[in-house]
Amino acid sequence: MAEIVVTSWNVRGLNSPQKRSHVFQHLRSLHSDISIFQETHFKRGKIPNLPLTYFSQWYHSSHASSKSRGVSIAIRKSMPFTLQNSMIDQEGRYLFLKGLLANTLVTVAGVYAPNSGGYPGLSTPLLNYNLSGKVSILWAVI
C-alpha cells in the first residue's frame with residue numbers, strides 16, 4: 001500500500017462557507033487522504049452541504065441540540081475505503097470507523113475531549129469497540 005496522508009485539525013467551527021473553502025483548499029494542498037476534524041460545531045440534522053469532489057465520503061458525530069463539539073472524518077475520493085461499521089457518540093465527542101482500506105482492515109477514530117478532566121464517557125466505548133486491524137487514532141485535546 002502506498003503512503004497515506006492523514007491529517008487531524010481542530011477547526012473551531014466549519015459552519016462558515018468561506019472558512020470551509022479555505023480549510024478544504026489547504027487540505028488539498030497537503031494531499032490529505034483522510035482528514036479528521038474536531039470541534040466542527042455542526043448541529044445534528046443541520047450539517048451543511050460539503051463538497052464531494054475531493055473528499056467523497058463524510059462521517060459525522062454531532063451534538064443533538066447545540067452547535068458545540070463535533071467530530072467529522074472525510075475520506076479522499078481516490079481512497080478505496082469501504083465502511084464496515086461505525087460507533088458515533090450522540091454528544092459529538094468521538095467517531096470510530098472500521099472498514100477496509102485497500103483490502104486492509106483499519107479503524108479510523110476522531111476524538112474531541114476537554115483538556116481538564118478528560119472525557120470519562122470515552123473509556124466504555126473504547127473497551128467495547130472491537131479495534132481490530134491497523135488502528136489510526138488521532139486525538140485532539142482541547
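A residue counts as buried when its relative accessible area is under 20%. Keep that cut-off in mind as you look through these close-ups of a predicted model.

**View 1. Strand β6 is mostly covered.** Of the eight residues in β6, seven are buried. Is Tyr94 buried or exposed? Its relative accessibility is 8%, so Tyr94 counts as buried. Look also for Arg69: its C-alpha atom is 9.4 Å from that of Tyr94, although 25 residues separate the two along the chain.

**View 2. β5 and β6 form a hairpin.** Strand β5 (residues 81-88) runs antiparallel to β6, and seven bridges join them. To spot the pairing, find Met87, which stands opposite Phe96 in β6. Five residues lie between the two strands, and in this turn Gly92 has a positive phi of about 75°.

**View 3. β6 also pairs with β7.** Here eight bridges join β6 to strand β7 (residues 104-113), again in an antiparallel arrangement. Leu101 has Thr104 in β7 as its bridge partner. This hairpin has two residues between its strands, and Ala102 takes a positive phi near 55°.

**View 4. Four strands make an open sheet.** Follow the strands in the order β1-β2-β4-β3, where the pairing is mixed. At the edges are β1 (6-10) and β3 (55-61), each pairing on one side only. On average, neighbouring strands are turned by 15° against each other, direction ignored. Which residue stands opposite Ile75 in β4? That residue is Gln57. β3 and β4 (residues 71-76) pair in the antiparallel sense over six bridges.

Methods. Residues numbered from 1 in each chain as written. Predicted model: local features only at pLDDT ≥ 70, side-chain atom pairs only at ≥ 80, totals over all residues. Heavy atoms only, no water. Pairing = 2+ DSSP bridges. Axes fitted to C-alpha atoms, helices over the stretch in contact; angles between N-to-C directions. Buried < 20%, exposed > 50% of the residue type's maximum accessible area, 1.4 Å probe, protein only.
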